[in-house]
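Take a look at the sequence and the model before reading on.

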Amino acid sequence: MADPTVPTVLVVEDNATNMALVRALLARHRCRVAEATSAASALEEARRLLPQLILMDLQLPDGDGLEVVRQLRALPDSQHIPIIALTAHAMAGDADRARAIGCDDYLTKPIDTRSFGQRVERYLGKTEGER
Ligand code: MN
């Protein structure tokens, strides 16, 4: 059985390069990584796993990541899961929209590795291997 004290992080990202980077960065933290590459699978995996943190790309091939957030916020089991939006730097207004819909935080892409580590620590707590 999986160790219940290890938090699960669901990464929603359709770009393979970004997914690989996020996976590599999360390897520094004590967590289990689950992945989804579409809005539909993100909703399904979030409801199935009830992860401790969700990193949510907003531009997905089958829809808007914020629509997934809106749906998760409407469900009792997932309404309090911390969600960090991953927004394209050029998309002005994405950060405000993300917060308004219920994201706790956001990171702009390309991902700054230092900010990423700080955000993940904030929601998962400090872990060995981080320093
Ligand atoms: Mn995308």
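The notes below go from the sheet to the helices and then to the metal site.

This is a predicted model. A manganese ion has protein donors from Asp14, Asp57 and Gln59.

**Strand β3 and its partners**

- β3 covers residues 53–57 and is joined to β6 by 4 bridges. The two strands run parallel.
- Across this pairing, Ile54 stands opposite Ile83 in β6.
- On the other pairing, 4 bridges join β1 to β3, and these strands also run parallel. Here Val11 has Leu55 of β3 as its bridge partner.
- β3 is mostly covered, with 5 of its 5 residues buried.
- In a regular strand, side chains alternate between the two faces of the sheet.
- Leu53, Leu55 and Asp57 point one way from β3. Ile54 and Met56 point the other way.

**Helix α1**

- α1 spans residues 16–26, and its buried residues are Asn18, Met19, Val22, Leu25 and Leu26. They cover an arc of only 130° around the axis, which puts them on the same side of α1.
- Ala16 and Thr17 are exposed on the other side of α1.
- The cover over the buried residues of α1 includes β1, β2, β3, β7 and α5.
- At the start of α1, a side-chain oxygen of Asn15 comes to within 3.0 Å of the backbone nitrogen of Thr17.

**Helix α4**

- α4 spans residues 94–101, where Asp94, Ala95 and Ala98 are buried. Their arc around the axis is only 100°, which puts them on the same side of α4.
- The face turned away from that buried side carries the exposed residues Asp96 and Ala100.
- The buried residues of α4 are covered by elements including β4 (59–60), α3 (65–73), β6 (83–88) and β7 (105–109).
- Gly102 follows α4 and has a positive phi, near 130°.

- Along the chain, the donors follow the spacing D-x42-D-x1-Q.
- Asp14 and Gln59 link distant parts of the chain, 45 residues apart. Asp14 lies in the loop between β1 and α1, while Gln59 is in strand β4.
- Asp14 has 37% relative accessibility and counts as partly exposed. Gln59 is also partly exposed, with a relative accessible area of 32%.
- Asp57 belongs to β3 and is buried.

Key
Residues numbered from 1 in each chain as written. Predicted model: local features only at pLDDT ≥ 70, side-chain atom pairs only at ≥ 80, totals over all residues. Heavy atoms only, no water. Buried < 20%, exposed > 50% of the residue type's maximum accessible area, 1.4 Å probe, protein only. Arc of directions from axis to C-beta. Contact = heavy atoms within 4.5 Å. Pairing = 2+ DSSP bridges. Polar contact = N/O pair within 3.5 Å; in protein donor to acceptor, adjacent residues only side chain to side chain. Donors = N, O, S within 2.8 Å, 3.2 Å for Na, K, Ca; no water.
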